[in-house]
Every structure is written in structure tokens, then in C-alpha cells.
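Work through the exercises below with the sequence and the model at hand. Each task is followed by a solution in steps.

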Amino acid sequence: MAENKTYTGGCHCGQVRFECTTDMAMVTACNCSICTKKGLHFVFMPPTSFQLRAGAENLKEYLFNRHAIRHQLCVDCGVDVFARGNKPDGTDIVALNVSCIDGIDLSKITMTPVDGRNR
């Protein structure tokens, strides 16, 4: 079983910073249009496990398709740092772009395929 760990990270320019606690048990490799175009890999967590430490004023929200996921992008560097949404049961969720975690090595993370293209 994966163990919870606290991570820090942010966007490319450093204006947006976060801290989160997650077990990284499931990191997505989704084939939907936005994940494919941007190379996004998300780990999902409850909002209580995610804290935006800096840069709220630097975030721009991007919605597409069903407008169900509220992507948060840095207005300076354009990096998609995290998103807010809801699970199918309505529970709030934060989707963190794991590429934004400080010192992350994506080659060492097991990715879970998700068929977002056909949802």
C-alpha cells in the first residue's frame, strides 16, 4: 500500500506554489484531448489535502467540454498546475498536475491508463 507523503511544487515561473499530501497511488495517463495536448498526469485528492501557498491572483480558470473540471493555469507562464472538480458522487476533488511537484521524476511513477477520450 502506498504511503502518504507531503509534496511542494508550483508553476514554471514560481508565482504559483502549493503543498499537498497524497499517496500517489494512482497517477493518470489520460488520453483525453487536453491531457494529450498538454502532457498532463494528475493525482487526485480531497481539497483538505491541498493548500495553495502563493499565487492565487496569478491563476486563470480554463473550462472546456462539459465544464466539469476547472483547470487552474498560471497567467504568467501558462502552466496547468491543478484543477478543481467533483467525483461522480458529487464529492469535491483536486486534481494536481504531478509534473508541477518539485523534483519529480515521471519515469519513476507508475501511470494508470484512463480512457478519457471515450467518456
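Buried means under 20% relative accessible area. The model is predicted, and the values below are computed from it.

**Exercise 1. Overall fold**

Task: State how many helices and strands the protein has, and give their pattern along the sequence.

Solution. Step 1: the count is 1 helix and 10 strands. Step 2: reading along the sequence gives β-β-β-α-β-β-β-β-β-β-β. Step 3: the radius of gyration is 13 Å, close to the 14 Å that the globule rule gives for 119 residues, so the protein is as compact as a globular protein of that length. Step 4: along the principal axes, the C-alpha trace spans about 35 × 35 × 30 Å.

**Exercise 2. Burial and contacts**

Task: Find what percentage of the 119 residues counts as buried, then decide whether Asp 80 is buried or exposed.

Solution. Step 1: of the 119 residues, 38% count as buried. Step 2: Asp 80 is placed in strand β8. Step 3: the relative accessibility of Asp 80 is 4%, and the cut-off for buried is under 20%, so Asp 80 counts as buried. Step 4: with neighbours within four places in sequence left aside, the contacts of Asp 80 are Lys 38, Leu 40, His 71, Gln 72, Leu 73, Asn 97 and Cys 100. Step 5: for the protein as a whole, take the contacts between residues at least 6 apart in sequence; 52% of these join residues at least 24 apart.

**Exercise 3. The largest pocket**

Task: Describe the largest pocket by its volume, its lining residues and the classes of those residues.

Solution. Step 1: the space in the largest pocket is about 870 Å³. Step 2: its lining has 29 residues, and Cys 30, Phe 44, Ile 69, Gly 116 and Arg 119 lie nearest the centre. Step 3: two or more lining residues come from each of β3 (27-30), α1 (33-38), β4 (42-45), β8 (80-86) and β9 (92-97). Step 4: β8 gives the most, with 4 residues. Step 5: sorted by class, the lining has 16 nonpolar, 8 polar and 5 charged residues.

**Exercise 4. The annotated span**

Task: Which residues does UniProt assign to the feature "domain: CENP-V/GFA", and what is the helix and strand content of that span?

Solution. Step 1: the UniProt record, an unreviewed entry, places the feature at residues 7-115. Step 2: residues 7-115 are 6% helix and 45% strand. Step 3: the end C-alpha atoms of residues 7-115 lie 27 Å apart.

Methods
Residues numbered from 1 in each chain as written. Predicted model: local features only at pLDDT ≥ 70, side-chain atom pairs only at ≥ 80, totals over all residues. Heavy atoms only, no water. UniProt positions renumbered as here; feature names shortened; annotations may be inferred. 1 Å grid on protein atoms, 1.4 Å probe; cavity = no way out; pocket = protein on both sides within 12 Å on 5 of 7 lines; lining within 4 Å. Points joined across faces, edges and corners; volume = space filled by probe spheres on them. Nonpolar A, V, L, I, M, F, W, Y, C, P; charged D, E, K, R; others polar. Rg over C-alpha atoms; globule rule 2.2 N^0.38 Å. Buried < 20%, exposed > 50% of the residue type's maximum accessible area, 1.4 Å probe, protein only. Contact = heavy atoms within 4.5 Å.
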